[in-house]
Amino acid sequence: MLMTFSKERYMERIISGVKKHTIRNDPGKRWRQGMTAHMWMHSPRNVKKNPFQFAEAIISYVAEIDIRKIQHDAGITWRVQINGEDLSPQGIEALAIADGFDNAWEFIDWFGEFHGRLIFWDAATLKRVDK
């Protein structure tokens, strides 16, 4: 199944092994363990952006992710849950980096409030595809 990325840094971080998963809106729960992800820079359906496949890998695990803003008297905090389990601030930072962001703030800024799926691929199956 197609897995498209819009920023070159994500492609670089996938190939280097820093980016270990992706977060997607997947209301139909199409992504499943064992599927092959065909990783593309830009969508092959939009030829104006010069799309190309750069890698493929086998999906190893899929989880639910929920990102919510919590308002307090003292301000705003963010709650991130994976399969209903709260992440600590350190866990959110680690998740953000493993998803290709520089830090948790960049991650939160990108997603805002969001519910979707956290899709991991098996690094041992990651194969580079030449343009």
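Author: Helices here are DSSP runs of H or I with at least four residues, numbered from the N terminus. The model discussed below is predicted.

Reader: In which helix is proline 89 found, and is its side of the chain buried or exposed?

Author: Proline 89 belongs to the run of residues 89-98, which is helix α2. Exposed means over 50% relative accessible area, and because proline 89 reaches 65% relative accessibility, it passes that cut-off. The answer is therefore helix α2, with proline 89 counted as exposed.

Reader: What pattern of helices and strands does the protein chain follow along the sequence?

Author: The secondary structure of the protein chain amounts to 3 helices and 8 strands. Read along the sequence, these elements give the pattern β-α-β-β-β-β-β-α-α-β-β.

Reader: What is the radius of gyration of the protein chain, and what does the globule rule give for 131 residues?

Author: The C-alpha atoms fill a box of roughly 50 × 30 × 25 Å along the principal axes. The radius of gyration is close to the value from the globule rule, so the protein chain is as compact as a globular protein of that length. The two values are 15 Å for the protein chain and 14 Å from the rule.

Reader: Which element gives the largest share of the largest nonpolar core?

Author: This core has 34 residues, and those touching the most other members are Met3, Met39, Phe54, Ile59, Ile65 and Phe107. Among the elements that give two or more residues to the core are β1 (2-5), α1 (8-16), β3 (36-41) and β4 (52-72). The largest share, 9 residues, comes from β4.

Reader: Leaving aside neighbours within four places in sequence, which residues are in contact with phenylalanine 54?

Author: Phenylalanine 54 is one of the core residues that touch the most other members. Once its neighbours within four places in sequence are set aside, the residues in contact with phenylalanine 54 are Phe5, Met11, Ile14, Ile15, Met39, Trp40, Met41, Lys127, Arg128 and Val129.

Reader: Where is histidine 38 placed, and what is its relative accessibility?

Author: Histidine 38 has its place in strand β3. Leaving aside neighbours within four places in sequence, its contacts are Met1, Leu2, Met3, Gln53, Ala55 and Glu56. Histidine 38 counts as partly exposed, because its relative accessibility is 28%.

Definitions and conventions:
Residues numbered from 1 in each chain as written. Predicted model: local features only at pLDDT ≥ 70, side-chain atom pairs only at ≥ 80, totals over all residues. Heavy atoms only, no water. Rg over C-alpha atoms; globule rule 2.2 N^0.38 Å. Buried < 20%, exposed > 50% of the residue type's maximum accessible area, 1.4 Å probe, protein only. Core = buried A, V, L, I, M, F, W, Y, C linked by side-chain atoms within 4.5 Å. Contact = heavy atoms within 4.5 Å.
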